[in-house]
Amino acid sequence: MEPLGQDEIRASFVNCTRGEAKGVTLPARPEEIPWEKREFLGWRDPKAAARAYLVLPYRGETVGLSLRAAPRPKGRVLLSNMCGLCTTTHPLSDIALFSGRRAGKLGREGNTLGIYACANLACSQYIRGELKSDVPQPAETLSLEERVFRLEDKLHRFVERVLESR
Ligand SMILES: [Zn+2]
């Protein structure tokens with residue numbers, strides 16, 4: 001993706017109030033991010049672990065989503081240990097359920113969407129082998145280009161649903 005400055009990141013949020021967007025803890029040094037190797041910018045709020053953010057280029061604009069990472073349900077088995085974005089398989093402790101309010105009317109009615117994803121939102125690093133999951137992965141023969149395409153496709157489908165009633 002193209003590099004973003006802190007102001008652009010802060011202005012990108014579509015599913016939270018301006019006040020909430022103001023309170024977002026931004027990545028400290030955007031200039032140190034290897035943007036060309038990232039399909040989206042995803043991070044957990046260092047000041048509030050249950051908050052997570054996802055910022056990405058979407059149809060010519062920059063879209064930022066404010067998400068909540070659900071605490072792991074006690075005594076219940078998670079539905080999936082596979083990231084819904086990059087399809088990396090993880091031990092359950094490395095998967096989180098992220099949910100976000102939908103933009104516009106549906107969001108005002110309290111409608112949210114959730115997705116299981118890498119708890120550290122480092123999908124771009126997993127598909128490049130910069131990070132490795134702690135468990136063996138199912139055999140797959142996709143090229144990096146194909147993995148990138150799949151990740152972007154899943155991201156876009158999620159964003160599309162968040163923005164549906166904007
Ligand atoms: Zn992932």
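Me: Where is the place of Leu-121?
Reply: This is a predicted model. In it, Leu-121 sits in the loop between strand 5 (112-118) and helix 4.

Me: Buried or exposed, that Leu-121?
Reply: Buried. Leu-121 has a relative accessible area of 5%, and the cut-off for buried is under 20%.

Me: And what is phi of Leu-121 near?
Reply: Phi is near 55° for Leu-121. That is a positive value in a residue other than glycine.

Me: Which other residue has a positive phi although it is not a glycine?
Reply: Arg-59 has one, at about 45°.

Me: Where is Arg-59 found?
Reply: In the loop between strand 2 (48-58) and strand 3 (61-69).

Me: Is Arg-59 buried or exposed?
Reply: Exposed. The relative accessible area of Arg-59 is 67%, and exposed means over 50%. So Leu-121 is buried at 5%, whereas Arg-59 is exposed at 67%.

Me: Switching to the metal. What coordinates the zinc ion?
Reply: Four cysteine SG atoms do, from Cys-83, Cys-86, Cys-118 and Cys-123. They lie at 2.2 to 2.3 Å.

Me: What is the site of the zinc ion, going by its angles?
Reply: Tetrahedral. The angles among the four donor atoms run from 103 to 117°. For reference, the ideal angle for four tetrahedral donors is 109.5 degrees.

Me: How are the donor residues spaced in sequence?
Reply: The pattern for the zinc ion is C-x2-C-x31-C-x4-C.

Me: Cys-118 first. Buried or exposed?
Reply: Buried. Cys-118 has a relative accessible area of 0%. Cys-123 is buried too, with a value of 0%.

Me: Where is the place of Cys-123?
Reply: Cys-123 belongs to helix 4. Helix 4 spans 123-127.

Me: What is Cys-123 in contact with, leaving aside neighbours within four places in sequence?
Reply: Phe-40, Cys-83, Leu-85, Cys-86, Cys-118 and Leu-151. Among them, Cys-83, Cys-86 and Cys-118 also coordinate the zinc ion.

Me: How far apart are Cys-123 and Val-148 in space?
Reply: Their C-alpha atoms are 9.8 Å apart. In sequence, Cys-123 and Val-148 are 25 residues apart.

Me: What is the lining of the largest pocket by class?
Reply: Eight nonpolar, five polar and four charged residues.

Me: How much space lies in the second largest pocket?
Reply: The second largest pocket holds about 240 Å³. There are 16 lining residues, and Ile-33, Arg-38, Leu-41, Gly-42 and Trp-43 are the closest to its centre.

Me: Which elements each supply at least two residues there?
Reply: Strand 1 (41-45) and helix 4, for the second largest pocket. Helix 4 does this for the largest pocket as well.

Me: And what are the classes in the second largest pocket?
Reply: The lining has 10 nonpolar, four polar and two charged residues.

Me: On to strand 2. What does Ala-50 count as at 35% relative accessibility?
Reply: Partly exposed. Ala-50 is placed in strand 2.

Me: Which residues is Ala-50 in contact with, leaving aside neighbours within four places in sequence?
Reply: Leu-67, Arg-68 and Ala-69. Ala-70 is 20 residues along the chain from Ala-50, with 6.8 Å between the C-alpha atoms.

Me: And where does Ala-48 lie?
Reply: In strand 2. Ala-48 counts as partly exposed, at 26% relative accessibility. From Gln-6 it is 42 residues away in sequence and 19 Å in space, C-alpha to C-alpha.

Me: Last one, Ser-12. Where does Ser-12 lie?
Reply: In the loop between helix 1 (6-11) and helix 2 (18-22). Ser-12 is buried, with a relative accessible area of 4%.

Me: What is Ser-12 in contact with, beyond its neighbours within four places in sequence?
Reply: Val-55, Thr-62, Val-63 and Gly-64 are in contact with Ser-12.

Key
Residues numbered from 1 in each chain as written. Predicted model: local features only at pLDDT ≥ 70, side-chain atom pairs only at ≥ 80, totals over all residues. Heavy atoms only, no water. Helix = DSSP H or I, 4+ residues; strand = E, 2+ residues; numbered from the N terminus. Buried < 20%, exposed > 50% of the residue type's maximum accessible area, 1.4 Å probe, protein only. Contact = heavy atoms within 4.5 Å. Donors = N, O, S within 2.8 Å, 3.2 Å for Na, K, Ca; no water. Tetrahedral: all angles 85-135°; square planar, octahedral: opposite > 155°, others 65-115°. Nonpolar A, V, L, I, M, F, W, Y, C, P; charged D, E, K, R; others polar. 1 Å grid on protein atoms, 1.4 Å probe; cavity = no way out; pocket = protein on both sides within 12 Å on 5 of 7 lines; lining within 4 Å. Points joined across faces, edges and corners; volume = space filled by probe spheres on them.
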